[in-house]
Amino acid sequence: MLQIDTWKRVLIWLVVVAGIMLALPNGFYTRVETHNDAVKALEAGGSAAGLSEQADMWPTYLPSGLVNLGLDLRGGAHLLAEVKVADVYAARIKGSWPEIRDLLREERARVGTVRLQKSADDELRIKISKPEQLQVAASLIRGLARPVTSLSGAGARDIEVSVEGDVIIVQLSEAEKLATDERTVRQSLEIIRRRIDEVGTREPTIQRQGVDRILIQVPGLGSAAELKSIIGTTAQLTFHSVVSRANSADAPAGAGNYVLPSLDEDGVFYVLEEAAVVSGEDLVDAQPDFDQNGRPAVSFRFNTTGARRFGDYTAENIGSPFAIVLDSEVISAPVIQSHIAGGSGIITGNFSLEESTNLAVLLRAGALPAGLEFLEERTIGPELGADSIEAGKLACIVAFVGVLVFMVLSYGTFGVFANFALVINVILIFGLLSMLGATLTLPGIAGIVLTIGMAVDANVLVFERIREELKSAKGPARAIDLGYEKALSAIVDANITTFITAVILYAVGSGPVRGFAITLGLGILTSVFTAIFVTRLIVVIWFERRKPKTIEV
């Protein structure tokens with residue numbers, strides 16, 4: 001018999017009401033979110049009447065999630081950056097010098113004294129006082145080589161050691177360079193994502209392009225320059241031993257050392273050991289703070305490894321200065337007064353409160369392993385998005401009206417029921433988009449338009465099946481019941497294949513393709529629900545009240 005249990009009816013209407021409640025905030029908040037310029041004008045003393053009143057109309061205890069608009073609809077910033085992977089080679093090879101120096105010093109009786117010569121950035125040139133022991137020293141250094149940590153470099157070692165004349169040359173192996181490139185780009189991707197997330201930006205597109213390039217698109221951001229200021233700073237924090245002070249950047253530093261300027265003191269330079277005592281990689285937290293004089297500062301905390309190194313160094317060098325270096329500038333060079341245990345400290349300088357907060361964000365997100373070169377930058381204005389939204393609205397309205405008219409003309413009263421379910425279907429799509437925090441793009445609007453056309457397919461199958469059953473001289477109740485029952489397998493099969501396509505598009509696609517796949521997939525789920533459950537429930541309620549002897553479909 002044509003009937004639906006009470007609990008099923010209640011559940012169906014609860015789902016519909018939940019979808020409506022999730023979708024409704026978009027009607028109340030859309031203007032507030034997309035009129036940032038008006039809000040800024042209000043803050044500057046101008047007029048933005050009506051915006052705050054709209055926001056106040058929606059109760060705070062109800063769902064307030066919004067559909068995020070993509071870069072093509074909302075405007076925003078677009079950057080294409082190239083990671084300078086070669087810069088990491090120099091840091092990587094120079095970082096190995098203290099370990100090599102300590103090893104050879106332990107063998108001083110055999111190899112003599114050890115001296116580092118001036119060399120290219122991506123190699124170490126080491127000279128010993130007993131040239132006849134060059135091969136012995138080279139063999140000792142080769143013992144420091146480690147396996148390359150990548151599948152492509154399986155079995156290879158990270159450094160290559162050769163002898164040229166009376167000099168030992170240490171370089172990174174090709175396998176290690178390839179592995180370093182991969183690690184550097186992956187790490188840059190993650191740190192860029194964390195930095196953008198730290199400032200609360202929602203739904204950015206951050207993806208790798210080619211070998212060493214990264215595409216960054218952030219909807220709603222005012223300009224590409226603003227985006228560059230968030231991600232472009234390397235924010236590399238290191239702690240170095242101070243060799244001496246200098247009066248110019250051209251002062252002689254000696255092998256293994258370099259000269260860096262002071263951030264706050266004009267004309268002051270420091271000669272530092274290139275190998276860092278502790279690096280920012282060992283930081284686990286950084287927060288804006290105040291020093292003992294109430295001036296803005298940044299407090300930091302190391303992990304276990306960094307805390308041990310920092311503690312050992314301060315214990316062994318009481319009375320000596322050490323430098324805190326941020327992006328090749330000495331922030332401060334205090335004298336170590338006592339053993340600093342616990343792995344925490346504070347960075348002071350001539351910071352404003354905003355600068356200390358931004359520095360804490362950058363340090364907390366992590367240091368970029370290499371610099372970025374911006375090959376392409378664009379600021380996309382919201383005007384293009386507004387035009388796209390209007391065109392999308394027009395397409396949706398035309399498709400919607402066309403489907404409504406067709407269903408009424410073809411199926412009469414049952415077509416009206418299908419149209420009501422179609423309206424609920426579109427509302428449910430926006431409700432799901434709001435709940436999931438998904439991004440709506442221009443291809444996503446195309447997916448909604450396609451869904452509007454596809455949503456009535458299931459109803460067409462059911463109604464045509466009901467017509468066939470009516471021709472077999474069955475009663476209207478039995479014909480409706482059999483129509484839904486026998487059309488179910490065809491509806492499920494047709495929509496499953498389309499849903500699989502949407503899943504594949506989402507898995508292998510990116511950007512606009514994913515936007516289309518999201519709305520198409522959600523549209524399939526909602527259209528099946530409305531066709532199988534909502535439309536049937538409406539037909540049953542109508543039939544129970546009217547109890548017609550005959551029906552026309």
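Modeller: Rings of Phe, Tyr and Trp (its six-membered ring) pair if their centres lie within 6.5 Å; planes under 30 degrees apart count as stacked, over 60 as edge-to-face and the rest as tilted. The model is predicted, with local features needing pLDDT of at least 70, side-chain atom pairs counting only at pLDDT 80 or more, and totals for chains, interfaces and linings using all residues. Residues are numbered from 1 along each chain as its sequence is written, and side-chain values use heavy atoms, without hydrogens and water.

Biologist: Which residues do ring pairs link into a cluster?

Modeller: The cluster holds Tyr411, Phe414, Phe417, Phe463, Trp542 and Phe543.

Biologist: What makes phenylalanine 414 and tryptophan 542 an edge-to-face pair?

Modeller: Their centres are 5.7 Å apart and their planes 75° apart, against limits of 6.5 Å and 60 degrees, so the pair is edge-to-face. Phenylalanine 414 is in helix 15 (residues 413–436) and tryptophan 542 in helix 19 (residues 512–546), 128 residues apart; helices here are DSSP runs of H or I, at least four residues, numbered from the N terminus.

Biologist: Why does phenylalanine 529 count as buried?

Modeller: Buried means under 20% relative accessible area, exposed over 50%, partly exposed in between (1.4 Å probe, protein chains only). Phenylalanine 529 has 17%, so it is buried, while phenylalanine 533, at 42%, is partly exposed.

Technical notes:
Helices (H or I, at least four residues) and strands (E, at least two) are DSSP runs, numbered from the N terminus.
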